[in-house]
Amino acid sequence: MARAALQMGVRELADAAKVAPSTITRLEAGEDLKPRTVEAIKAVFESAGVEFTNGDAPGVRLRKIT
């Protein structure tokens, strides 16, 4: 959801997180990744304004960057 909200391609996200595009594909398919890999991807999203939520159901939202 976060990648779609940012209109970011798989390769663009992979480059920003310094991982292989296949790693992004595996994440989106629900496969397990090393925690440091997930953190690198999460950091890219957060720096772009994504907030991860844990309300009634997990999700994401974009915050306003000022």
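Predicted model: local features only at pLDDT ≥ 70, side-chain atom pairs only at ≥ 80, totals over all residues.
Me: Why is Lys-18 called exposed?
Reply: Exposed means over 50% relative accessible area. Lys-18 has 76% relative accessibility, so it counts as exposed.

Me: Where does Lys-18 lie?
Reply: Lys-18 is in the loop between helix H2 (10-17) and helix H3 (21-28).

Me: What makes the backbone of Lys-18 worth a look?
Reply: Its phi is positive, about 60 degrees, and Lys-18 is not a glycine. Most residues other than glycine have a negative phi.

Me: How do you know whether Gln-7 is buried or exposed?
Reply: The cut-off for exposed is over 50%. Gln-7 stands at 73% relative accessibility, and therefore counts as exposed.

Me: How far is Lys-18 from Val-44, in sequence and in space?
Reply: They are 26 residues apart in sequence. From C-alpha to C-alpha, the distance is 9.9 Å.

Me: What makes up the largest nonpolar core?
Reply: Twelve residues, among them Met-8, Leu-13, Val-44 and Phe-45. H2 and helix H4 (35-47) are the elements that give two or more residues to this core. In soluble globular proteins, nonpolar side chains tend to be buried together.

Me: What makes Met-8 a contact partner of Val-44?
Reply: Contact means heavy atoms within 4.5 Å. Met-8 is in contact with Val-44, and also with Arg-3 and Leu-13, leaving aside its neighbours within four places in sequence.

Me: Which residues of H2 are buried?
Reply: Leu-13, Ala-14 and Ala-17.

Me: Which residues are on the face of H2 turned away from its buried side?
Reply: The exposed residues Arg-11 and Asp-15 are carried there.

Me: What covers the buried residues of H2?
Reply: The cover includes H1, H3 and H4.

Me: Why is Thr-37 called buried?
Reply: Buried means under 20% relative accessible area. Thr-37 has 17%, so the label buried applies. Thr-37 is found in helix H4.

Me: Why is Thr-23 called buried?
Reply: The limit is again under 20%. Thr-23 has 11% relative accessibility and therefore counts as buried. Thr-23 belongs to helix H3.

Me: What does Thr-37 touch, not counting residues up to four places away in sequence?
Reply: Thr-37 touches Val-19 and Thr-23. On its side, Thr-23 is in contact with Leu-33 and Thr-37, with neighbours within four places left aside.

Me: How many salt bridges are there?
Reply: The count is three. Side chains of opposite charge can pair when their charged atoms come close.

Me: What makes Arg-3 and Glu-28 a salt bridge?
Reply: The rule asks for a side-chain nitrogen of Lys or Arg within 4 Å of a carboxyl oxygen of Asp or Glu. Here N and O are 2.5 Å apart, and the pair meets in a salt bridge. Arg-3 is in helix H1 and Glu-28 in helix H3, 25 residues apart, linking distant parts of the chain.

Me: What makes Arg-26 and Glu-31 a salt bridge?
Reply: The limit is 4 Å. Their N to O distance is 3.4 Å, and the side chains meet in a salt bridge. Arg-26 counts as partly exposed because its relative accessibility is 33%. Glu-31 is partly exposed too, at 43%.

Me: How do you know that Glu-46 pairs with Lys-42?
Reply: Their closest N and O atoms are 4.0 Å apart, and the two form a salt bridge. Both lie in helix H4, four residues apart, about one turn of the helix. Glu-46 is partly exposed, at 34%. Lys-42 has 29%, so it also counts as partly exposed.

Conventions:
Residues numbered from 1 in each chain as written. Heavy atoms only, no water. Buried < 20%, exposed > 50% of the residue type's maximum accessible area, 1.4 Å probe, protein only. Core = buried A, V, L, I, M, F, W, Y, C linked by side-chain atoms within 4.5 Å.
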